[in-house]
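Please walk me through this model in the viewer, one selection at a time. I would like to know what to select and what is found there.

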Amino acid sequence: MHKYQVSLVALLAALAIGTSSCSQETSPQVKPKATVTTLKEAYADKFLVGATLGASMFSASDTTSLALVEKNFSAITLDNDMKWERINPLPGQYEFEIADKFAKLGVDKGITTVGHVLFWHSQTPDWVFKDDEGQLLTREALLERMRERAKMFASRYGDRVKIWDVVNEAIEDDGSLRKSLYNQIIGDDFIEQAFIIADQEMPKDATLLYNDYGMDRTGRRTSVIAMVNDFKQRGVRIDGIGLQGHWGMEEPSAEKIDETLTLYAATGLPMHITELDVDFLGRDGLTGANVDIEKLQATPENNPYPDGNFPAEADEKLSQRYQEIFKQFIKHHQSIDRVTFWGVTDGDSWLNGWPVAGRTNYPLLFNRDGSAKKAHDVVVNLAK
Ligand code: GLA
């Protein structure tokens with residue numbers, strides 16, 4: 001139990017004693033309220049709180065992250081094992097082991113499962129875009145391949161996985177369409193075609209999301225809002241907007257988050273914060289989550305706490321940043337269905353390896369040993 005929880009229990013007990021001794025004769029005894037100790041309990045009346053799982057969490061050697069997930073989170077996403085290159089690395093070859101365990105975990109533990117990701121330009125094998133002769137597919141052939149993938153997910157997981165990132169990262173910072181192979185082969189209606197396929201093939205009660213990073217940047221934000229409004233007007237089904245939320249210590253500011261959540265909420269679609277983390281160490285001017293960049297090298301300047309000891313003043317700063325972020329989520333909670341962290345403990349985070357290789361970063365709410373950071377307690381207490 002953490003010090004805040006201990007002192008709150010003591011306070012409530014003292015109040016209960018005080019109440020019962022002075023009002024015994026006149027009113028029934030006031031029972032102390034149960035203390036909220038986990039993220040999922042604290043936010044139960046606002047939104048789901050999720051985390052991503054990696055394959056290693058399903059192995060016997062993991063003794064920390066999975067237990068934390070079951071106790072603290074109400075939604076789960078697989079970080080990599082539903083991506084095209086993992087689940088279907090070669091034509092006709094499928095690797096379902098981890099995704100099966102993930103879907104089963106959700107059912108067994110009553111945790112909402114999120115499918116990540118149907119169509120993304122990255123972590124998608126080359127063969128997907130090519131025919132047997134190595135030539136780029138025709139538009140119709142690629143659309144058919146996409147449909148097969150949606151069908152595969154629908155038949156294997158459709159009864160259990162009800163939220164899907166349909167398209168990931170198809171719009172650039174400036175609002176233009178990303179010139180991915182999907183875009184080059186299918187054309188500028190790639191996103192629309194992807195949603196039409198998802199609508200036709202995925203269960204009707206699934207939630208279909210568009211997901212991207214840097215969703216606060218004006219160019220992308222304007223384009224995503226225009227796209228959503230256009231889809232709604234023309235009857236192309238889209239059910240929610242996914243904001244990844246790979247954020248820094250300063251950016252985006254609380255005002256920018258507020259403004260961004262207000263603007264997306266005005267579309268009428270619910271928002272999902274899909275990949276939240278705070279890059280405590282910073283990124284030397286690099287922003288967003290473009291996983292294709294060339295990584296920088298760790299130095300004493302950009303990697304100040306390599307031994308895993310996060311000093312109290314740093315912990316305090318991180319908790320303040322999480323506090324300002326969650327204040328905005330609470331303010332806009334009626335438009336937010338889910339807030340998912342990208343990882344469980346700091347040891348799981350991709351930010352130990354990006355955009356600088358080999359750092360020891362501290363972006364999440366749980367320390368490497370599974371103990372809660374100050375940011376965890378601040379976020380939990382904020383919801384009370
Ligand atoms: C992007 C993707 C995720 C993951 C993260 C970084 O945001 O959507 O699947 O790859 O980058 O790990």
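Keep in mind throughout that the model is predicted.

**Stop 1: N88**

Select N88, which sits in the loop between α4 (84-87) and α5 (97-109). Is N88 buried or exposed? Its relative accessible area is 5%, and buried means under 20%, so N88 counts as buried.

Now show the side chain of N88 together with the backbone of L90 and Q93. A polar atom of the N88 side chain lies 3.0 Å from the backbone oxygen of L90. The backbone oxygen of Q93 is likewise 3.0 Å from a polar atom of that side chain.

Next, display the residues that N88 touches. Leaving aside residues up to four places away in sequence, these are Q93, Y94, P125 and W127.

**Stop 2: the ligand**

Move to the ligand and select the residues around it. There are 12 of them, and K83, H116, N168, Q244 and E275 come nearest. By class, this shell has 4 nonpolar, 5 polar and 3 charged residues.

Then pick N168, with a polar side-chain atom 2.8 Å from an oxygen atom of the ligand. Q244 also has a polar side-chain atom 2.8 Å from a ligand oxygen.

The ligand taken alone exposes 300 Å², and the protein buries 94% of that.

Methods
Residues numbered from 1 in each chain as written. Predicted model: local features only at pLDDT ≥ 70, side-chain atom pairs only at ≥ 80, totals over all residues. Heavy atoms only, no water. Helix = DSSP H or I, 4+ residues; strand = E, 2+ residues; numbered from the N terminus. Buried < 20%, exposed > 50% of the residue type's maximum accessible area, 1.4 Å probe, protein only. Polar contact = N/O pair within 3.5 Å; in protein donor to acceptor, adjacent residues only side chain to side chain. Contact = heavy atoms within 4.5 Å. Near = heavy atom within 4 Å. Areas by Shrake-Rupley, 256 points an atom, 1.4 Å probe, with all protein chains shown as cover. Nonpolar A, V, L, I, M, F, W, Y, C, P; charged D, E, K, R; others polar.
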